[in-house]
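Hi,

Here is the structure I promised to pass on.

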Amino acid sequence: MKGMKMMITTVTANPAIDRTVIVENLRLGSVNRVIRSRVDAGGKGINVAKNLKNLGDEVITLGFLGPNAQYIIDCLEEEGIKSDFVKIKNDTRTNIKISDISRGEVTDLNEYGPEVSEEEIELLKESIFRYAEKSKVLVLSGSLPLGVPKTFYKEIIKEVKNKDLKIILDADNQALFYGIEERPFMIKPNLHELEDIVGRKLETLEEIIEEGKKLNKKGIEIVAISMGKEGSVVITDDAVFRVKPLKVEVKGTVGAGDAYVAGFAHGIYRGLSLEETIKIAAALSTSVVMKEGTGAGTIEEVNALKDKIEIERIER
Ligand SMILES: Nc1ncnc2c1ncn2[C@@H]1O[C@H](COP(=O)(O)OP(=O)(O)O)[C@@H](O)[C@H]1O
Ligand SMILES: O=P(O)(O)OC[C@H]1O[C@](O)(COP(=O)(O)O)[C@@H](O)[C@@H]1O
């Protein structure tokens, strides 16, 4: 077993305590009553790890964690998820999610996150390098807290990239822009993030696919573009797939993108076919939108939804 790559590592540079408040007919500038509220351990890599643990994969999650974030550690321990965070001086952020059940909309108020020092950044980098050696899949997700250079993901990809380690990058803006330059194995921008990096609005599916293909041509093997209630498209060297959304009762969309990424990490880790992987990703993310708060999907939910996912091979 020595030297075998056994695990998936997820990185959350900017974890969050997600506080979801459920309201009816949110009125800005007025007093609103909160019907109920909940707190979840959040942040993209943490959510990916929660889904992967539910699917039975060997996963560890890394990142920065402030002195106020014992709650996150407790949640992860309770779910049996391994973690190895760099403990930092400043507090982890709290992200507020206002879920308006009358309109079926969630409004996210995401903080920038704590200021992180150069020494703390070095510690996380070293830790990622160490775990990458033992990993088959490395998931780099989410925003970067203050003080972390926008080239952070790019530098990591450059250092650890090799044919035995598949890197999934799920970031936005400059962190994604620079990260792409080192050609991770996969990226999963949502439509808005894709528009940000291409610098224009994309009105049609053809335009979206065109831009996805350009990214694939740069050497990114899987470009998955998620489009919320419109489903997703997946572009590889060999094919373009349109993944139809399922019509379900939506209770909260927070964590849907992370579940989608987890589905891919799972499929890649287990060597599943691309079509099976896409179905798992779509099923996991669908199960998350059917839950309040920052949800994660389960094996039972994936099994119940997976075969309902329709995938259309549109070209190549
Ligand atoms: N309203 C919705 N109805 C059904 N499925 C949804 C809905 N919103 C998201 N999803 C599922 O979750 C996936 C990821 O959602 P998306 O909102 O694009 O990600 P992100 O959270 O990264 O913005 C979609 O491709 C789809 O499978
Ligand atoms: O790191 P970012 O981009 O600020 O996003 C953090 C937020 O995104 C989440 O990870 C959810 O992400 P998705 O809805 O894209 O899956 C929350 O848990 C967290 O509050």
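Let's start with one pair of residues: Ala-16 has Arg-93 in S6 as its bridge partner. That bridge belongs to a parallel pairing between strand S2 (residues 16-23) and strand S6 (residues 93-100), which counts 8 bridges. On the terms: strands pair if DSSP finds at least two bridges between them, while helices (H or I, at least four residues) and strands (E, at least two) are DSSP runs numbered from the N terminus.

Before going further, some housekeeping. This is a predicted model, where local features need pLDDT of at least 70 and side-chain atom pairs count only at pLDDT 80 or more, though totals for chains, interfaces and linings use all residues. Residues are numbered from 1 along each chain as its sequence is written, and chains are lettered from A and ligands numbered from 1 in the order in which they are written.

**The four-stranded sheet**

S2 and S6 sit in an open, mixed sheet of 4 strands, ordered S3-S2-S6-S7. Its edge strands, S3 (36-42) and S7 (105-109), each pair on one side only. From one strand to the next, the twist averages 20 degrees. Helix H2 (residues 70-78) packs on this sheet and touches S2 and S3, with its direction at about 80 degrees to that of S3. Contact here means that the C-beta atoms of two residues, placed from the backbone, lie within 7 Å; axes are lines fitted to C-alpha atoms, for helices over the stretch in contact, and angles run from 0 to 180 degrees between N-to-C directions.

**The ten-stranded sheet**

There is also an open sheet of 10 strands, again with mixed pairing, in the order S5-S4-S1-S8-S9-S10-S11-S12-S13-S14. Strand S5 (82-87) and strand S14 (311-315) are at its edges with a single partner strand each, so one side of each has no neighbour in the sheet.

Thr-10 has a bridge partner in each: Thr-61 in S4 and Val-139 in S8. Thr-9 stands opposite Ile-60 in S4.

Which residues come nearest to ligand 1? They are Ser-226, Lys-229, Ala-256, Gly-257 and Ser-285, out of 19 around it (C-beta atom, placed from the backbone, within 6 Å). Helices H8 (256-270) and H9 (274-289) are the elements giving two or more residues to this shell, and H9 has the largest share with 4 residues.

Around ligand 2 there are 17 residues, with Gly-42, Gly-142, Ser-143, Gly-257 and Asp-258 coming nearest. S2, helix H1 (44-54) and H8 each give two or more residues to that shell; H8 gives the most, with 3 residues.

**From the record**

An unreviewed UniProt entry lists residues 17-297 as "domain: Carbohydrate kinase PfkB". The end C-alpha atoms of that span lie 19 Å apart, and the span is 38% helix and 24% strand.

Cheers

Note on methods
UniProt positions renumbered as here; feature names shortened; annotations may be inferred.
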